[in-house]
Amino acid sequence: MDADVIVVGAGLAGAAAARRLSKAGKRVRVIEARDRCGGRGFARAHGGDGPQLEFGGAWITPWQNRLRALVPEYGLELRPRHPVTNRLWLRDGVLQGSGPVAPGDVTAHERAIARVAADSMLLKKGLTENENNEALTGVSFAAYLDRLGCPKSTRNLFSAWWTVSGNGDHDKVAASEFLASCAYDNGLAEGMIKFWSDTVVPGMGVLAERMIAGSGAELILDDPVTQVVQETGHVEVVAGTRQHRAKACIIALGINQMPGIGFTPWLSDGKTAALAAGHGGRSFKLWIRAEGVPVGTLVTGDGSGIEFAFAERVEGGATYIVGFGLMQEGNDPSDPAWVRRQAAKLFPDARVLSHDWHDWVDDSFARGTWVAALAGHEAGLDAANWQPEGRIAFASSDYAREQAGWFEGAVISGEDAAEAVLKLR
């Protein structure tokens, strides 16, 4: 055997699995397709020479205790998010400080807010319908908004928060992704940001790298796995032209990454269906370096382009604004002119100095942003669907039993997969 356990993927799920296995005295080999650790955690210097910024997932919540324990253990720090000190809404082409809707739409707006709050709390309790027998699962975000019948400005507001929750095509991704995020603050979309309390510094990828190094696991980078074959008493993993043999294997990958691997025997029907459907996470995240923008300013847009923007920090006399939108026709985060037009719309007094981003949708080792269940395919992402098969266990924030979609979920899932492997004989 080349190792007791082979872990495929060096993100936080793989790192957590390697850490737990090594503590149990197992020889671990981690194989990663990228030339770095961290998966969807990816911090680097803005523009190549600016401050270190997280271009993948960044924020963690006050209750994510696994990450909060790991950060100091591996010599990293938590940077508190700057509080929101200035809240603005873009409505009819004009920035408003009084609220998201016109006076004549307040009643309809508040009715929609109340309905979303009620539905989100019912979903949190495990219900799939509300008291009106209206579906809370299996319905797209667009269909859900149509059902609300809310004013256009309310719809735009929900769409802005969607870019940091459901983060995919309104017509395809399940509305439950939005409702589940609203449930963090008793059903209020506006409350999501309250719980984005800290950022891991210098980055999630650094944490994953240090966890793997600290475990003593052998790390192989830049070597995509193409086949995983279960034999009697062992597993063979093929990466490039090399075969790796171990008693067990943990696939620490999300569902959009796994279709590039051939499994023998093939996976269960539930897993196969989930991989065929994939998930619809297609947001973009970018950083804008600008002058003339007060830190702490939060702006939600008009349903197009950059829909959510927050002036999060000041460095070297410039403000760094994090912005979110959807990767769809008409949006081009790679184009400096497009970014400047968007910034002018949301921050009229800003002077844009530069911007930077990473395209997760076009990234062949990610194939999307954070997990977003397609309407009607939510069950494929249930943790129950991703139980071990033979000598193969699975780990990812995509289908974690707790905190799915968060890096905390990745850690939990990685530790769970390691425990499952440790029970094998």
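Visitor: Which residues are buried in H10?
Guide: In this predicted model, the buried residues of H10 are Phe 407, Glu 408, Gly 409, Ala 410, Val 411, Ile 412, Ser 413, Gly 414, Glu 415, Ala 417, Ala 418 and Val 421.

Visitor: How many of the 16 residues of H10 are buried?
Guide: The number is 12 of the 16, so H10 is largely enclosed by the rest of the structure.

Visitor: And how far does H10 reach from its first C-alpha to its last?
Guide: Helix H10, residues 407–422, reaches 23 Å, close to the 22 Å expected at 1.5 Å a residue.

Visitor: Turning to H1 and H2, at what angle do they pack?
Guide: H1 (residues 12–23) and H2 (residues 65–73) pack at about 70°, and their axes are 14 Å apart. That angle makes H1 roughly perpendicular to H2.

Visitor: Which residues meet there?
Guide: From H1, Leu 12, Arg 19 and Lys 23 meet Arg 66, Leu 67, Leu 70 and Glu 73 of H2.

Visitor: What is its radius of gyration?
Guide: The chain has 22 Å, which agrees with the value near 22 Å for a compact globule with 425 residues. Its C-alpha trace spans about 70 × 55 × 35 Å along the principal axes.

Conventions: Residues numbered from 1 in each chain as written. Predicted model: local features only at pLDDT ≥ 70, side-chain atom pairs only at ≥ 80, totals over all residues. Heavy atoms only, no water. Axes fitted to C-alpha atoms, helices over the stretch in contact; angles between N-to-C directions. Helix = DSSP H or I, 4+ residues; strand = E, 2+ residues; numbered from the N terminus. Parallel < 35°, antiparallel > 145°, perpendicular 65-115°, else oblique. Contact = heavy atoms within 4.5 Å. Expected span 1.5 Å × (residues − 1). Buried < 20%, exposed > 50% of the residue type's maximum accessible area, 1.4 Å probe, protein only. Rg over C-alpha atoms; globule rule 2.2 N^0.38 Å.
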